[in-house]
Amino acid sequence: MQNLFDFALATPEIVLLVLTGAVLLIDAFGNEPTRRMTFMLTMGALLVVILVSWGQWGEGTQGRTFSSLYVADSLGHFLKILSAISVAVTLIYGRAYAEKRDMMARGGEMYSLALLTLLGVFVMISAGSMLTVYLGVELMSFALYGLVALRRDHLAATEAAMKYYVLGCLASGILLYGMSMIYGATGQLGLVEIAQVIRDGGADRMPLVFGVVFIVSGLAFKMTAAPFHMWTPDVYQGAPTTVTLLVGSAPKFAALVITLRLLIEALHGIAVDWQPMLLILAVLSLAVGNIVAIAQSNFKRMLAYSTIGQMGFVFLGLMSGVYEGQAGASAEAYGASLFYVVIYVLTTLSTFGLILLMSRQGFECEEISDLKGLNRRNPLLAGVLMLSMFSLAGIPPLSGFYAKLVVLQAVVGAGHVWLAVFAVMCSLIGAFYYLRVVKAAYFDEPEDSITLGAGTLATRGVMSVNGLLVIGLGILPGGLMALCVDVIRQSLAF
């Protein structure tokens with residue numbers, strides 16, 4: 001019975017693995033009409049995974065299993081559902097783009113690799129041990145390396161894949177080295193066990209602190225934080241836009257969760273050592289991301305630097321919980337970071353989805369100048385673009401404003417008023433390049449007279465819902481924010 005319970009807790013991963021194998025086999029051995037159904041099979045697999053994860057979200061399906069290698073909790077169920085939805089939305093937006101660029105000429109590798117990426121995300125989200133964290137990181141990363149290089153005859157994509165691979169392997173090595181030092185200092189691989197050894201004073205402090213330095217560096221790479229951001233602009237610009245959206249969405253959930261589990265759950269006892277590192281990462285990310293983005297004329301590259309700046313706010317929330325004297329207040333700070341990432345991914349889906357819908361055969365919508373006169377050519381896309389840019393800039397009443405507000409409240413509550421002022425100043429700098437995009441879409445003359453469609457009925461519907469959520473979660477953010485804090489309280493011990 002215990003074995004059945006162990007496997008029952010890991011049902012989302014097992015179901016996803018089986019369905020990914022089925023999609024691979026059907027695509028590899030099916031005939032041409034069958035292979036054209038790969039997209040529908042993938043969407044069906046994602047729907048099943050979402051329903052399974054939703055069904056597991058309850059008191060009876062929480063706990064640790066497989067010798068504490070795997071943990072099932074509210075935080076995991078919540079982010080697995082969001083990750084699967086984000087991958088599904090990415091594939092809906094990117095299907096036509098991929099087909100027009102011969103990314104499907106050799107079969108449905110893109111869909112299989114997307115599902116494997118999601119499987120790696122799931123493993124990271126439910127990691128209860130440093131070993132599981134590393135397995136999930138590598139599974140997700142290698143699937144993403146293959147996706148970035150999927151356009152094999154495209155020079156920019158090949159170059160981006162090489163840079164991503166080399167720097168990604170370096171970051172994984174740094175993360176693994178840090179884990180080995182933590183193991184040497186505590187004699188444990190499990191996150192709960194590591195926390196217990198630190199609380200009992202049984203850890204060797206010198207290798208423990210050095211291990212934390214390497215772990216924070218590896219996590220900063222996955223979170224695209226400065227100064228470990230060097231891969232982000234090149235990969236965002238060079239990768240096929242469908243893949244860029246995949247890189248910038250679901251993996252952010254996984255990166256945040258392993259940061260929470262490693263730093264907050266396992267290493268909270270030495271927060272005084274890693275908290276200054278997060279402060280430095282936050283300040284550098286806010287400054288580098290927002291200042292360098294001003295000089296960008298390529299829209300995808302600008303959004304890459306925007307991502308770096310946005311991650312600065314996430315680190316502000318993570319470092320703010322350390323100073324609170326009670327667990328509830330800490331949960332508020334960590335919940336603010338979780339809320340911020342959810343809103344960031346939602347907005348990223350709309351911005352890159354818009355780029356995908358505007359790109360057509362022989363034309364890549366990558367430059368900001370390509371957005372000129374968008375309102376006259378397609379008011380729906382222009383409206384979603386405006387909402388997304390205003391949200392990223394933190395303009396009320398959009399969701400990005402509330403996300404920034406709750407993080408700043410946590411920072412001020414932790415006694416760092418100067419840091420909150422600095423973050424606001426960086427946001428004002430960022431507003432310049434976001435408003436420049438809106439200005440191009442609404443006030444500049446279009447460079448061509450081609451009428452832009454918004455894709456199929458499904459893509460128009462998803463894009464409309466995406467835009468409505470950006471504004472709706474800004475007007476009524478309380479439910480989602482309370483949910484984020486609640487899953488933190490239920491899932492993390494600190």
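Mentor: In counting charges, Lys and Arg are positive and Asp and Glu negative, with His and the chain ends not counted, and each charge is placed at NZ of Lys, CZ of Arg, CG of Asp or CD of Glu. On that basis the protein chain carries 27 positive and 29 negative side chains, and the centres of the two sets are 7 Å apart. The model is predicted, so local features need pLDDT of at least 70 and side-chain atom pairs pLDDT 80 or more, while totals for chains, interfaces and linings draw on all residues. Residues are numbered from 1 along each chain as its sequence is written, and side-chain values use heavy atoms, without hydrogens or water.

The setting comes first. The protein chain contains 22 helices and two strands (DSSP runs of H or I, at least four residues, and of E, at least two, numbered from the N terminus). Its C-alpha trace spans about 70 × 55 × 40 Å along the principal axes. Of the 494 residues, 59% are buried (under 20% relative accessible area with a 1.4 Å probe, protein chains only; exposed is over 50%, partly exposed in between). Of the contacts (heavy atoms within 4.5 Å) between residues at least 6 apart in sequence, 80% join residues at least 24 apart.

Against this background, the structure holds 15 aromatic pairs (rings of Phe, Tyr and Trp, the last by its six-membered ring, with centres within 6.5 Å; planes under 30 degrees apart are stacked, over 60 edge-to-face, the rest tilted). One of them joins Trp57 and Phe78, a tilted pair with 5.8 Å between centres and 45° between planes. This pair links distant parts of the chain, 21 residues apart: Trp57 sits in the loop between helix H4 (38-56) and strand E1 (63-65), and Phe78 belongs to helix H5 (residues 74-100). Trp57 is partly exposed, at 28% relative accessible area, whereas Phe78 is buried, at 5%.

Another pair is formed by Phe142 and Tyr145, which counts as edge-to-face because the ring centres are 5.3 Å apart and the planes stand at 75°. Phe142 is partly exposed, with a relative accessible area of 43%, while Tyr145 is buried, with 8%. Phe142 and Tyr145 also belong to a cluster, in which ring pairs connect them with Tyr164, Tyr165, Phe221 and Trp231.
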